[in-house]
Amino acid sequence: MTNTIIILFRSGIALVFGVAVSLLFAGAKCGKKSKIVIAVFYIVNILIQIICWQMFGLEITLKLYPFITHIPSVLFISLYFKKACLISTGSVLTAYLCCQIPKWIGSVAKAIVGGKFSEHIAYFIAACIVYYFLKKYVATSVMQLMERSVHSCLLFCAVPLLYYLFDYATTVYTELLYTGAPEAVQFTPSVICTFYLIFVLLYYNESKKQAEVQRERDIFAAQLLQAQSELENMRLLQHNTMVYRHDMRHHLSLIGGFAADGDLQKIKDY
């Protein structure tokens, strides 16, 4: 009974953490009504997990987790919060990747202290700390990066997707990673190396494009400043011309008056 409660508690924390982080990365605005809907989603999903657990057992439930939790989370974010399917998927995959941090901390606590209870307590504390850190320092950057363009979103989500597939293929659907199979053990370093090189290449190209765009902006800004200066000079010239024309009209009118009086001397003096 105690073991069942602990497993349910752990599953609930994992679900709350994963969905909450997914909503952060997707940029979902959570008002009062939205919080109620999210709470309902949590409850329904936990009930579905319990039903699957009772009907098929824990092992089958873990294998069904993508279908009873991850895909519904993507649909929930897409349909209720009106987010693009790619962004919703990327948010859920990235949140799954972030779930590994408290999971690893829990495993370390178990190895040091010993006992399942210490692992679950450490997992819960780590999940709270990681969520706070992601919300305060990471979520905005991730959201803007995924919303920047489809290309940027695909690039950002590639690593979480590969890790997701690798984790389920080697730890849930098989035990390749736990058996120490070389192809499984060497997969993660290979992926990290590959994406590091791709990231360097793409980052260089992106930096180059940004430098070119900035240079064009500087040129346009200089041209705009020059055009504004020339326009201001033309306005000043137009104003001076109006003043000169007014003065000239006055001079000619006065000289015309002297001429009408036949006073040549006043014209010469003027």
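This is a predicted model: local features need pLDDT of at least 70, side-chain atom pairs count only at pLDDT 80 or more; totals for chains, interfaces and linings use all residues.

Tutor: Residues are numbered from 1 along each chain as its sequence is written, and side-chain values use heavy atoms, with hydrogens and water left out.

Student: Why is Phe76 called buried?

Tutor: Buried means under 20% relative accessible area, exposed over 50%, and partly exposed in between, with a 1.4 Å probe and protein chains only. Phe76 has 11% relative accessibility, so Phe76 counts as buried. Phe81 is likewise buried, because its relative accessible area is 11%.

Student: What makes Tyr80 partly exposed?

Tutor: Its relative accessibility is 29%, so Tyr80 falls in the partly exposed class.

Student: Why is the pair of Tyr80 and Phe81 called edge-to-face?

Tutor: Rings of Phe, Tyr and Trp (its six-membered ring) pair if their centres lie within 6.5 Å; planes under 30 degrees apart are stacked, over 60 edge-to-face, and the rest tilted. The ring centres of Tyr80 and Phe81 are 4.9 Å apart and the planes stand at 85°, so this pair is edge-to-face. Phe76 and Phe81 also form an edge-to-face pair, at 5.7 Å centre to centre and 85° between the planes. The count by this rule is eleven aromatic pairs. Ring pairs also join Tyr96, Tyr163, Tyr164, Tyr168 and Tyr173 into a cluster.

Student: What makes a set of residues a nonpolar core?

Tutor: The members must be buried Ala, Val, Leu, Ile, Met, Phe, Trp, Tyr or Cys residues joined through side-chain atoms within 4.5 Å. The largest such core has 37 residues, of which Phe17, Leu23, Phe25, Leu134 and Met146 touch the most other members. Helix α1 gives the most to this core, with ten residues.

Student: Which residues does Leu134 touch, not counting those up to four places away in sequence?

Tutor: They are Phe17, Val21, Phe25, Cys98 and Ala139, where contact means heavy atoms within 4.5 Å.

Student: How do the residues lining the largest pocket divide?

Tutor: There are 19 nonpolar, 14 polar and eight charged. Ala, Val, Leu, Ile, Met, Phe, Trp, Tyr, Cys and Pro count as nonpolar, Asp, Glu, Lys and Arg as charged, and the others, Gly among them, as polar.

Definitions and conventions
Helices (H or I, at least four residues) and strands (E, at least two) are DSSP runs, numbered from the N terminus.
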